Amino acid sequence: MSNQTANTGSAATEERFSKETYMWWYENMLHMRRFEEMSGRVYGQQKISGFCHLYIGQEACAAGAVSALKKGDKYITAYRDHAHPIALGSDPKRIMAELYGKATGLSKGKGGSMHIFDVENGFYGGHGIVGGQIPLGVGLAFAEQYKGTDNLCIAYMGDGAARQGAVHEAFNMAMTMKLPIIFVIENNGYAMGTSVQRTSNVIELYKLGESYDMPSHPVDGMSVEEVHIACEEAAEHIRAGKGPVLLEFRTYRYKGHSMSDPAKYRTKEEVESYKQKDPVQQVKATILEKGYATEEELKEMDNRIKESVKECVKFAEESPLPDPKEIFTDVYAQEDYPFVRE
Amino acid sequence: MNGIRPIIEFMTFNFSLVAIDQIINSAAKLKSMSGGQVDVPIVFRGATGNAGQLAAQHSQNFENWYANTPGLKVVVPSNPKDAKGLLKSSIRDNDPVIFMESELMYGDKGEVPESEYLIPIGTANVVKEGTDITLCSFGKMMKVAIQAAEEMAKEGINVEVIDLRTVRPIDWATIITSVKKTNRLVVLEEAWPLASISSEIAFHVSKNAFDYLDAPVTRVVSEDVPVAYAKSLLEATVPNVEKTVKAIKEVLYR
C-alpha cells in the first residue's frame, strides 16, 4: 500500500478500473450529492427537524469503500450517515422518510438523520456520540472473527472523534485480538468548527495508529480511485488474518458541520480550493476523457437522479407519522415488557 | 447486534463508568434507534456496592443509575441459588442485562440445584411471610434484611421480607400485595438516597396503595456522602441491622 497521498487521476490508476466501475461510482456519488442537496433544501424549508449533517464533498469516502469491499462486510459510521446506505443499496425513499421522521423510514422514524440503519444491507448506523461507534465496530468485527466468517467491518469516524478515549481503547483491542476491521478517519479538517491543528500536536491523523503498531496510511479522500485501492489493499491484509488497518481519508465537507453551522471559521478560498478537486467532477472528467459516456448521457443520468430524489421527498411527505403507540415498541426484545406507566 | 451473545465482566461496577457510554448510549439505545433492526443480547456482570474498607471510588451502588435507563434490565441477586437461575435467564434474554453481584458474596455458600432451572427476570421473591410490616430489599442487603427480621421476631413483630431480585423491571404486584396486607413498608438499599430505588418504591406505593398505609413509607439507605476508608466512617455511612431495626420500629411507632 502506498504510504503517500497518491497522485490522483494518473493513467495507471485509471487503467485499473472498468467502465462499469466508473459509471457505478459516478451514479452513486451523484446520487449522494443530489440527495444531500435536497436534504439541505428541505431542512431549510423546516420540513425536517433535529440535527442534519451533510456529506457533500466526502462522497468518494463512501463510494470507494463500497466498490472495494464485498457482500456481508459491515459498515458503521457516525451521524453523517445519509450517503453510505445509498451506495450500499438501501432504498433512498426510506432514508428520506427517516429524515422526515415518518413511519416508512428505515428506522421507522425513531432514529432520524443521525440514526439511519439498514442491517439487511450491512449498514449498522448512524451513531450520535462522537467516536461512540468505533467500539461498536470492534464488536461487529469480533463477531465476524468469532463466527469464523471471511467478512470485515469498516468503521468510520471524523477527525474530531480520533481524539476520543474509547477510540484508542478500540484501536488497542482490535490490534491485540487481530480483529477484521478497517478504521477510517474521514479527516475533513474540522471537528465541528475546530481545525485539526488546534486539537492535538499530532495532525497527521494516520500516525495515531502507529502507536498500536497498526498499518496506517493517509489516502486522498477526494479520489474515489485512491479510496477504492486503499480499502481493497486493507481488506486483503485483514482477510489474510493480519488484523486491522487504519486509513486516513483526507477529504473536505463543503457545508458546515451541521445545518446550524455557518462555517465562519474557514475562508471562501479554502472551500473553493477543495471544490477544484471535487470527487464527483473528477470521476466525470475521467468518464468523458475515456469516452465511457457523453456529456449528454451524463446530463440525462443527472436528470434521472434529480427526479428520483424528488420522488424520495414525495414519498416522505406522503408517508404517515408513526403512531404514538409506537413509543413502546422496539425498546425491548421482550414483547410484554412492563414499562412504568403513571 | 451481530449474532453473538457476549458476557462482559466488570471487576466491579465502579469501573463500568469508563464504559458507560457504550452501555447507555449504545446497548440501551440500538434497538430503538434502529427501529427494531437489531437486538442486543448482552450481559454486563460484576460487583456492586461497598466491599469493606475500599474507600470512595470502589464502594458505589449504581443499581438506580442503570435502572433509570429504558432499554436495560437490571438484576441484583442475593444468594447462590438465585444467582444461577437469574444469570441463566439474563444470558438467554434478548435485551441487555446489567447483572450486579457483590465481592462480599463471592465466598457465600448455599444450596444450588444441579439441575437446569431459570428464575424469570422481573419477579420478586417473598422470602419470609409476615403480617406486621413489609421490609423490601435486594442484593447483598438481603442479609441485613433477614437479620433485622429475626431481631424483630424476638420482640414479637412478624416482618414480611421481599427480595426484589430485579430492579428493572420491578415486580410492583408483589410489593403492593404485601403492603395491602401489612399496611407498613420499609425499603432497604445500599445506594445513596436521592432518586434511588427506594424513592421509586415509596412513590409507587404512595400512589397505588395510599389508603392501605398506616404510616409513612420509610427507608434505610447509605448516607448522602462519598464512602470513606476508616472503619468507623464506613459503618456510619452504610445500612446495617441496627439502622434497619430502628426504621422498622419508627414505622410501627414503637
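How many cavities of 30 Å³ or more does the count come to? The count comes to 3 cavities, a cavity being a set of points on a 1 Å grid over the protein atoms alone where a 1.4 Å probe fits but cannot get out. The model is predicted: local features need pLDDT of at least 70 and side-chain atom pairs pLDDT 80 or more, while totals for chains, interfaces and linings use all residues. Residues are numbered from 1 along each chain as its sequence is written, chains are lettered from A and ligands numbered from 1 in the order written, and side-chain values use heavy atoms, without hydrogens and water.

| Cavity | Volume | Lining by class |
|---|---|---|
| Largest | about 80 Å³ | 6 nonpolar, 4 polar, 5 charged |

A volume is the space filled by probe spheres set on the points, which are joined across faces, edges and corners. Lining residues have an atom within 4 Å of a point. Ala, Val, Leu, Ile, Met, Phe, Trp, Tyr, Cys and Pro count as nonpolar, Asp, Glu, Lys and Arg as charged, and the others, Gly among them, as polar.

The largest cavity is lined by 15 residues, of which B:Glu63, B:Phe138, B:Gly139, B:Lys140 and B:Glu190 are the closest to its centre. Its lining draws on both domain 1 (7-105) and domain 2 (125-253) of chain B, so the largest cavity lies between them; the domain bounds come from an automatic or database assignment. Residues lining the second largest cavity include B:Asn50, B:Glu190 and B:Trp192.

Of the 254 residues of chain B, 56% are buried (under 20% relative accessible area, 1.4 Å probe, protein chains only).

Key: 1 Å grid on protein atoms, 1.4 Å probe; cavity = no way out; pocket = protein on both sides within 12 Å on 5 of 7 lines; lining within 4 Å. Buried < 20%, exposed > 50% of the residue type's maximum accessible area, 1.4 Å probe, protein only.
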